[in-house]
Amino acid sequence: MATIDILMATYNGEQFVREQIESIQAQTFEDWRLLVSDDCSTDDTLNIVFDLAKNDQRIQVASKEVSYGSAKANFMHLSSLSNASYVMFCDQDDVWLNRKIELSFSRMKELERKNNDVPILVFSDMKVVNLNLEVINKSFMRYSHIDSNRNAFGQLLAQSIGAGCTLLINHKALEYASLLTNYESMIMHDWWFFLICSAFGMVSYINQPTSLYRQHGSNEVGAKAYQPLRKVLEINSMKASVADSIAQARLFFEIYGEMLSWRQQHTIKEFISSGEACGISAVIHLFKSGCWKKGLRKLGQIMVAFRGV
């Protein structure tokens, strides 16, 4: 059994998937297994994967000809198949720098020396690149104006801080995630694992790019340059985003509420209440929760709460 399972969800990725898998094969850390779950691709994606698997037994197709309908459902299905001690998530169209696994695993072992019986998440920065791997920005975190230090449970209820393709989690995190059976109100698998590890364990950031995050017209979720004023002015988009985060918090509380500390229960209850109240009452609940976004996004969040989600 490999130490790390790398979970790759694919869909019509023939243009990039070979380069991504070859970058995994070039890693300095070699004790991994790549599990690929294909969501009914109509192009040559699976043939490319099978071709690479002929000469590398670490590459396995775990699922094919099954329609999951979303990346989050596909990744959560893959998570349920893993029996490794650690898991990483992998997009089909990026390129991993050759020390990505080594650096993440080294940080994980450092954290486990403090406590190896809690869910732990390690994430890192990326270089944002275009279709031809030309650098758009040297730091995804700066490009997206994300603060890696905002990893407290309340902060993460309002806003996620990392991309799923940078995550390394331990099996304890998978055990907690296995309690979730309906993914409808979960926004994305990576955000869910951030919440789990922040609430019950540890979250740690590596301030170094470990991959090339490719941007192209078919990205399901891509990097977006920070434009705060536009975000605030797009009130309908902001309103939908806040409503989604509150629905996700409600689901999290339904599953893990009794396991949370008293302070965490208070935080998540107030955040949920901010979506159920209107006007100044909603703002009061939001203030009590402390579940703030960063910068001008906070202003938009208050505007939404005051108008009522």
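Predicted model: local features only at pLDDT ≥ 70, side-chain atom pairs only at ≥ 80, totals over all residues.
**Briefing: strands, cores and salt bridges**

The chain folds into 13 helices and nine strands, and 55% of its 309 residues are buried. Of the contacts between residues at least 6 apart in sequence, 78% join residues at least 24 apart.

- β1 and β2 (residues 32-38) run parallel and are joined by seven bridges.
- β1 also runs parallel to β4 (residues 86-90), this time with five bridges.
- Follow the chain from β1 through helix α1 (residues 17-25) to β2 and you trace a right-handed β-α-β unit.

**Helix α2 and what covers it**

- Helix α2 covers residues 45-53, and its buried residues are Thr 45, Leu 46, Ile 48, Val 49, Leu 52 and Ala 53.
- These residues sit on the same side of α2, because they take up an arc of only 160° around the axis.
- As a general point, an α-helix has 3.6 residues a turn, so residues three or four places apart point the same way.

- In soluble globular proteins, nonpolar side chains tend to be buried together.
- The largest nonpolar core in this model has 57 residues, and the members that touch the most others are Leu 121, Phe 123, Phe 193, Ile 196 and Phe 252.
- Helix α8 (residues 189-200) gives this core its largest share, with nine residues.
- Zoom in on Leu 121: setting aside neighbours within four places in sequence, Leu 121 is in contact with Leu 167, Leu 168, Ile 169, Phe 193, Phe 194, Cys 197, Met 202, Val 203 and Ser 204.
- There is also a second, separate core of 30 residues, including Met 8, Ile 48, Ile 59 and Val 118.

**Salt bridges**

- Side chains of opposite charge can pair when their charged atoms come close.
- The model has eleven salt bridges.
- Lys 54 and Asp 51 form one of them, at 4.0 Å from N to O.
- Is Lys 54 buried or exposed? Lys 54 is exposed, at 65% relative accessible area, while Asp 51 is partly exposed at 32%.
- This pair belongs to a network of salt bridges that links Arg 18, Asp 51 and Lys 54.
- Lys 172 and Glu 175 make another salt bridge, at 3.5 Å from N to O.
- Lys 172 and Glu 175 are three residues apart in helix α7 (residues 171-177), so about one helical turn separates them.
- Both count as partly exposed, with relative accessibility of 23% for Lys 172 and 41% for Glu 175.
- Arg 250 and Glu 276 pair up as well, with their closest N and O atoms 3.7 Å apart.
- Since Arg 250 lies in helix α10 (residues 235-256) and Glu 276 in helix α11 (residues 262-276), the pair ties together parts that are 26 residues apart in sequence.
- Arg 250 is partly exposed at 29% relative accessibility, whereas Glu 276 is exposed at 55%.

- Asn 12 isn't a glycine, but its phi is positive, at about 45°.
- You'll find Asn 12 in the loop between β1 and α1, where Asn 12 is partly exposed at 30% relative accessibility.
- His 145 also has a positive phi without being a glycine, with a value near 55°.
- His 145 sits in the loop between α5 (140-143) and α6 (153-158), and counts as partly exposed at 30% relative accessibility.

Technical notes:
Residues numbered from 1 in each chain as written. Heavy atoms only, no water. Core = buried A, V, L, I, M, F, W, Y, C linked by side-chain atoms within 4.5 Å. Buried < 20%, exposed > 50% of the residue type's maximum accessible area, 1.4 Å probe, protein only. Helix = DSSP H or I, 4+ residues; strand = E, 2+ residues; numbered from the N terminus. Contact = heavy atoms within 4.5 Å. Pairing = 2+ DSSP bridges. Right-handed = clockwise from strand over helix to strand, strands pointing away. Arc of directions from axis to C-beta. Salt bridge = Lys/Arg side-chain N within 4 Å of Asp/Glu carboxyl O.
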